[in-house]
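Here's a quick briefing for anyone meeting this protein for the first time. Have a look at the sequence and the model, then read on.

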Amino acid sequence: MTFTKTSQKFGQWADSRANTVFGLGFASEQQLAKFAEKFQEVKEAAKLARDKSQEKMETSSNNSQESGRETPSSTQASSINGTDDEKISHGGPETAALMSENDKLKTTVEQSNTNAKKLETELQTLRDSNARLVDELTESSANVEIWKKQLSTCKEESDTLREKIAELESQCEKANVEKERNSKLTVRVQELETELQDKEQELENLRKQAEIIPQLMAECESITEKLQAAEVKNKDLEDRIEGLQADIEDSQSKQGIVKGELKKFMDVLDGKIDELHEFRQGLSKLGVDN
């Protein structure tokens, strides 16, 4: 198996016999580098131990074959010289070498078994870590989905708020337009009030002029009375008709002039009153519209 760095803080390796890929995450890049170095050391140590065990097994098998070939002579020697223990004790340096080699093989096998158990323990630990990582990855994926939903909700709320802001801005624009319109209407009302005051002043002047009309009417009545008296006297003073005729025509012309001026004044006064009445109606309509 080969340990591969897939990122700055994550590495993985594959077990082809178990058809499984293992992965580990680390808190820092230094821890990942240390683990990779240790992984390589353990891998090389296991390889050396395997090679040594194979060599020792081959040596032991060769020695066993050689000892099998020497069995007849040794049995004859044992039958002649004594028991097997005596043969081992007197077998020479080759037997001692085989004994020490077998002990070394046993020690190597025990060490290999111990290393294998350690490797199994480490493998189980790595599997547990991988399972935790898978769970954390699943949880992270679920959190990502939740975050995506929250982001979508936030975007929808943001769009809604933007639409409301646009509506409020349009309403503010309409309110500004209404304010400008009201300000213009206020200015117009002030102008109309000024014009109304001017018209009222003119009306007051006309009223003052109208106060002279009774005097003129009184003068007309007095002239009429004088005319009647003159007519009465005319019967008695036919002789003075020619002299008084000029006076009568004079008085009549004056009366006609006064009546004409009075009629013109009354017409002007009626026109002014009508204008004032129309002006008040327009002002009242404008106030209702505002």
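This is a predicted model: local features need pLDDT of at least 70, side-chain atom pairs count only at pLDDT 80 or more; totals for chains, interfaces and linings use all residues.

Residues are numbered from 1 along each chain as its sequence is written, and side-chain values use heavy atoms, with hydrogens and water left out.

**Overall layout**

- The protein has six helices and three strands, where helices (H or I, at least four residues) and strands (E, at least two) are DSSP runs numbered from the N terminus.
- Of the 290 residues in the protein, 12% are buried, meaning under 20% relative accessible area, with exposed being over 50% and partly exposed in between (1.4 Å probe, protein chains only).

**The sheet**

- The three strands make an open, antiparallel sheet in the order E1-E2-E3; two strands pair if DSSP finds at least two bridges between them.
- E1 and E3 are at the edges with a single partner strand each, so one side of each has no neighbour in the sheet.
- Strands of a sheet pair through backbone hydrogen bonds, either parallel or antiparallel.
- E1 (residues 4-5) pairs with E2 over two bridges, and a hairpin of four residues joins E1 to E2.
- E2 (residues 10-15) and E3 (residues 20-25) pair over six bridges.
- The hairpin of E2 and E3 also has four residues between the strands, and there Asn19 takes a positive phi near 55°.

**Who faces whom in E2**

- Gln12 in E2 stands opposite Thr4, and the bridge partner of Gln12 in E3 is Gly23.
- Gly11 has Leu24 of E3 opposite.
- In a regular strand the side chains alternate between the two faces of the sheet.
- In E2, the covered face holds Gly11, Trp13 and Asp15, and the uncovered one holds Phe10, Gln12 and Ala14.

**Helix H4 and its surface**

- Val144 sits in helix H4, which spans residues 93-210.
- With a relative accessible area of 32%, Val144 counts as partly exposed.
- Val144, Ile146 and Trp147 form a nonpolar surface patch with about 300 Å² of accessible area together.
- Patches are made of residues with over 30% relative accessible area and no salt bridge, joining like charges within 9 Å and nonpolar side chains (Val, Leu, Ile, Met, Phe, Trp, Tyr) within 5 Å.
- A salt bridge here is a side-chain nitrogen of Lys or Arg within 4 Å of a carboxyl oxygen of Asp or Glu, and the areas come from the Shrake-Rupley method with a 1.4 Å probe, where only the protein chains shown count as cover for residues.
- Gln209 and Leu269 are 60 residues apart in sequence but 9.5 Å apart in space, C-alpha to C-alpha.

**Pocket and cavity**

- On a 1 Å grid over the protein atoms alone, a cavity is a set of points where a 1.4 Å probe fits but cannot get out, a pocket is an open set with protein on both sides within 12 Å along at least five of seven lines, and lining residues have an atom within 4 Å of a point.
- The largest pocket holds about 890 Å³ of space.
- Its lining has 25 residues, and Met1, Val42, Lys43, Ala46 and Leu119 lie nearest the centre of the largest pocket.
- E2, helix H1 (29-69) and H4 are the elements giving two or more residues to that pocket lining, and H4 gives the most, with eleven.
- The largest cavity has a volume of about 50 Å³.
- Lys199, Glu202, Leu203, Leu206, Lys272, Glu275 and Leu276 line the largest cavity.
- H4 and helix H6 (241-289) each supply at least two residues of the cavity lining, with H4 giving the most at four.

Terms used. Grid points are joined across faces, edges and corners, and a volume is the space filled by probe spheres set on the points.
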